Amino acid sequence: MKRLSDIGTIKEILSRHGFTFSKSLGQNFLINPSVCPRMAELSGAGAGVGVIEIGPGIGVLTQELCALADKVVAVELDKRLLPVLDETLADFDNVKIVNADVLRLDLHQLIQEEFSGLEVVVCANLPYYITSPVIMRLLEERLPVSAVTVMVQKEAAQRICAPVGSRLSGAVTVSVNYYAEPELLFGVSAGSFLPAPKVDSAVIRLNIRQKPPVQTEEARFFAVVRAAFSQRRKVIANSLSAGLGKSKEEILAVLEQAGVSPGARAEKLSLADFAAIAAVLGD
Ligand code: SAM
């Protein structure tokens with residue numbers, strides 16, 4: 001098996017296939033040999049586990065996942081990489097490449113067809129241009145997966161993994177925490193990729209919750225979260241009034257009933273606070 005973490009090997013394969021990197025597809029391939037084994041190990045890949053990988057590139061992480069898991073299904077949009085993956089994954093009979101856009105693929109169907117009887121995890125070095133939509137889609141669709149381990153830009157990792165109620169907390173922090181317990185696993189320097197991006201990265205793991213930590217009407221809860229963070233600098237009374245299109249008086253009454261201070265800023269609120277506001281709004 002070709003060791004893909006070696007930069008000389010990667011360059012040789014890419015040049016033999018006449019491959020050129022596509023910036024618009026977020027193609028920064030891992031060349032640091034220590035990252036993929038660690039990421040695969042921490043993803044939960046192992047016996048009895050099936051892995052969905054998003055964007056295998058030339059297969060550097062895929063190889064590690066195949067060595068650990070019962071089965072790997074890797075979704076790659078760029079069809080120029082298919083012959084490369086045929087070559088680099090030739091030693092494995094437990095891998096399937098699906099040439100598709102992960103945002104358009106029916107992942108429920110994929111899991112049903114490919115992973116019967118297996119626990120399922122997601123593991124990916126995500127194309128950064130679709131980090132949030134991919135993560136939110138994986139969570140909102142309530143796929144039967146136990147964990148999502150992804151490499152994202154360092155700033156995105158810090159925001160997603162910030163404690164809810166802390167300065168760095170944002171709409172994505174609250175939304176992700178509703179579905180999962182996020183964990184920042186380790187940082188990865190920009191020099192670990194070919195070509196090197198401008199920013200550092202980090203690997204995070206979202207441990208999917210069996211049930212949400214608060215009981216709420218979801219559409220209203222997420223509308224409140226979006227409105228609250230739409231104008232971060234404003235106090236919650238003003239951002240909710242503007243974001244939900246309701247008068248200030250109405251919102252002040254809602255906040256009082258929900259037991260939330262009108263002068264607080266969105267990042268200080270807990271999941272229970274957002275759920276309380278949503279509940280009063282629904283009365
Ligand atoms: N896993 C490889 C690695 O770590 O070296 C490649 C990671 S690279 C950051 C992202 C990969 O996602 C690329 O191979 C790119 O072609 C693929 N990709 C981009 N957009 C995609 C999409 N919408 N659906 C599936 N794959 C996509």
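Colleague: How many of the 9 residues of H3 are buried?

Modeller: In this predicted model, 7 of the 9 residues of H3 are buried, so the helix is largely enclosed by the rest of the structure.

Colleague: Which residues of H3 are buried?

Modeller: The buried residues of H3 are Val60, Leu61, Thr62, Gln63, Glu64, Leu65 and Cys66.

Colleague: Let us step back to the whole chain. How many helices and strands does the protein chain have?

Modeller: The protein chain has 12 helices and 9 strands. Its C-alpha atoms fill a box of roughly 65 × 40 × 25 Å along the principal axes.

Colleague: What percentage of the 283 residues is buried?

Modeller: Buried residues account for 50% of the 283 residues. As for contacts with a separation of 6 or more, 68% of them involve residues 24 or more positions apart.

Colleague: Now to H2. Which residues of that helix are buried?

Modeller: Helix H2 covers residues 35–42, and Val35, Cys36, Met39 and Ala40 are its buried residues. They cover an arc of only 120° around the axis, which puts them on the same side of H2.

Colleague: Why do residues three or four places apart in an α-helix point the same way?

Modeller: An α-helix has 3.6 residues a turn, so residues at that spacing point the same way.

Colleague: Which residues is Cys123 in contact with, leaving aside its neighbours within four places in sequence?

Modeller: Cys123 is in contact with Met39, Ser43, Val51, Ile52, Glu53, Ile54, Leu61, Leu65 and Thr149. Among these, Met39 is one of the buried residues of H2, while Leu61 and Leu65 are buried residues of H3.

Colleague: What separates the C-alpha atoms of Cys123 and Leu42?

Modeller: The two C-alpha atoms are separated by 9.4 Å, although Cys123 and Leu42 are 81 residues apart along the chain.

Colleague: On to strand pairing. In which sense do S5 and S6 pair, parallel or antiparallel?

Modeller: S5 and S6 pair in the parallel sense, over 5 bridges. Asn125 stands opposite Met151 in S6. S6 is mostly covered, with 6 of its 7 residues buried.

Colleague: How many bridges are there between S6 and S9?

Modeller: There are 7 bridges between S6 and S9, and that pairing is antiparallel. Gln153 stands opposite Ser201 in S9.

Colleague: What about S7 and S9?

Modeller: S7 and S9 also run antiparallel and are joined by 8 bridges. Gly187 stands opposite Ala202 in S9. Since 6 of the 8 residues of S9 are buried, that strand is largely enclosed by the rest of the structure.

Colleague: Changing topic: how many cavities of 30 Å³ or more are there?

Modeller: The count comes to 2 cavities of 30 Å³ or more. The largest cavity has a volume of about 380 Å³. Of the 29 residues that line it, Leu25, Gly55, Glu76, Asn125 and Pro127 are the closest to its centre.

Colleague: Which elements give two or more residues to that lining?

Modeller: Those elements are S1, strand S2 (49–54), H3 and strand S3 (71–76). By class, the lining of the largest cavity has 20 nonpolar, 6 polar and 3 charged residues.

Colleague: And what is the volume of the largest pocket?

Modeller: The volume of the largest pocket is about 270 Å³. It is lined by 14 residues, and Lys23, Gly26, Asn28, Pro197 and Lys198 lie nearest its centre. The lining of the largest pocket divides into 7 nonpolar, 5 polar and 2 charged residues.

Definitions and conventions
Residues numbered from 1 in each chain as written. Predicted model: local features only at pLDDT ≥ 70, side-chain atom pairs only at ≥ 80, totals over all residues. Heavy atoms only, no water. Buried < 20%, exposed > 50% of the residue type's maximum accessible area, 1.4 Å probe, protein only. Helix = DSSP H or I, 4+ residues; strand = E, 2+ residues; numbered from the N terminus. Arc of directions from axis to C-beta. 1 Å grid on protein atoms, 1.4 Å probe; cavity = no way out; pocket = protein on both sides within 12 Å on 5 of 7 lines; lining within 4 Å. Points joined across faces, edges and corners; volume = space filled by probe spheres on them. Nonpolar A, V, L, I, M, F, W, Y, C, P; charged D, E, K, R; others polar. Pairing = 2+ DSSP bridges. Contact = heavy atoms within 4.5 Å.
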